[in-house]
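The entries follow the order in which I looked things up.

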Amino acid sequence: MTLQDIIQQLNLTVLTTPVDFASVQPENGYTSDLLSCVMSGAKSRGIWVTLQAHMNIVAVAALLELAAIIITEDAQPDLATIAKANEEGIILLSTAQSSFFVCGKLWEMGLRAG
Amino acid sequence: MDTGSSPKERVVTDQDAQNITRVEELAYELKISQVMTREIRSLTPDMNMGDVLDIFRSQRVSGAPVLVNGELAGILSIEDIIRALRAVDLASPVSKYMSSQVMTIHDYDPVIEALKVFVKSNYGRLPVVDENNKLVGIITKGDITRGLLNALQHVYHEEEVIRYRASHLFEDIISDRTSLILRYRIKHGDFTHGGNASANIKRALLRLGANPQIARRCGIAIYEAEMNLIIHTNNGGTIRVEIEPHQISLEAYDDGPGIPNIQLAMQPGYSTASEEVREKGFGAGMGLVNIKRCVDDMRLESSTISGTNLRLKIFLREKDAFADVSQQGKETKK
C-alpha cells in the first residue's frame, strides 16, 4: 500500500508540497495527541494520526523519521508549520474525519501498529 | 482528492530559499574582475561598420568598446550594426553609430552592481574600468551567469569536502582524548523553535557518521530535554553535547525553579505542565521516562535553589564508535 492509495481512499488533503506519493510506502501506524507518547511509541516510516496541528509535530515526526502525519478533525497547521514540514521533508495531510475513523480505515487497508 | 486544486499554494521550500540566498550572497561576494571577460576586441571610431560586422560575426561577440588612444570613447553593439544595415550604410564609420555616453563599472565592484544596471537599463554589456578609469574588460549577463555557476559549483564541492572531513574528524585528529562539544541555548516558552537543537544535534551526529539508530536515540532524548527547558524553566537553559569516539554525553541544565520531588517526576504519567501546555500535546508525563529509555546512563540532580542538571550518556560499542577506538590511546578498553 502506498501513500498515494491512502490519500485517495481517505480523500485526504495534501498540505505540503506534493511529492511522488506512490513511491512512499508507510510501514506502520500510530495515533496519539501526546507528543511524548508518540516519541516512545511511533516507529520510523510510519503514519501518525493526530489532531495536533502546531509546529512541534513536525519536529517530532522529523526526529522519528515518520512517513507522514494525518491531521484530523480539520485542525489547521499554520503556514510556518507547513514550511517547516517542507524543509524537513515531512508530508502533512489533513481530513475532516476523526482520528478513530482514520485509524479504522487505515487498518482496513492493511496498515498495522508495527 | 484535491491536490491539484488545493488552495494551499506551493510554498517556497527552505531549500529553495537557501539556494536563492546563496546566489544572492555570491552576487555580493564575487567581484566584477572575477567574472568579466578580459581579452576584449576593441574598435576604433574610424573603422567602418561593415568591417565591424565581420569582426562580430567571426569572433561571435554582440558588442565591443570603442577606444581612442586607449581611452574609452564609446560602445558599439549588434543593434547599432542592425541600424546601419537597415539604412544600407555599412560604409559609415563606427563613430556615427556608437553610443558615446557609456556607463562603466569598476573591476573592484561586486557583481551585484552590474546586475542592478542590467535590471534597470536595457544594456547588454558594460565596459569594466580599473581605479584609473582604464578599460580592463567587459561584462555581460552571460559572464555573470557563468561566474555564478562556477562559484556555486565550487561551493558545492567545498560542502562535499566538509561532509567527508566531518566523518573523518576523529580519525584525523590525534590526541589522548578528542571530543567535540556542541552547545545550544534554549529559551523559556520558545515553542516555535522547539526541536531545533535536537534536530541539529541529530544531524551533526549523522554527519559525523553515527549509526542512525544511535542518532535517533540521542535525538529523542534531547528533544524531551529541550522541551523540558522550554516548558518548565524560569529562564530557559543550556544543552551541551560532548561527542567522543566511544561515547556521547548529553547535558541539559537550567537555573530553576528545580524539581521538588525527582522520584515523582520520574513516574510515568506524572506532570506539572499547565493546561495550556497540555493542549499542545506536551505534559504527558513521559518525557523523563522516554529519556531514560533512550540512554545508557541518566543522572538527574535538582534543587529548588540552583536549578536542574540532567546528565545522560550513550556508550558506543566498537562497531558504532566514531573512530577506530583502539587507536585512541587511553580509550582502549578491551
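Among contacts in chain A between residues at least 6 apart in sequence, what percentage join residues at least 24 apart? I looked it up, and the share is 50%, with contact meaning that two C-beta atoms, placed from the backbone, lie within 7 Å.

I noted that this is a predicted model, in which local features need pLDDT of at least 70, side-chain atom pairs count only at pLDDT 80 or more, and totals for chains, interfaces and linings use all residues. Residues are numbered from 1 along each chain as its sequence is written, while chains are lettered from A and ligands numbered from 1 in the order in which they are written.

Chain A next. I found five helices and five strands (DSSP runs, numbered from the N terminus: H or I of at least four residues for helices, E of at least two for strands). Along the sequence their pattern is α-β-β-α-β-α-β-α-β-α.

Then I turned to a helix pair in chain B. H3(B) (residues 49–59) packs against H4(B) (residues 78–86) at about 135°, and their axes are 10 Å apart. The axes are lines fitted to C-alpha atoms over the stretch in contact, and angles run from 0 to 180 degrees between N-to-C directions. B:Met49, B:Val52, B:Leu53 and B:Phe56 of H3(B) meet B:Ile78, B:Ile81 and B:Ala84 of H4(B).

Last, the interface. I recorded 28 residues of chain B in contact with 26 residues of chain A. On the chain B side, H9(B) (196–207), H10(B) (212–232) and H13(B) (287–294) each give two or more residues. H10(B) gives the most, with four residues.
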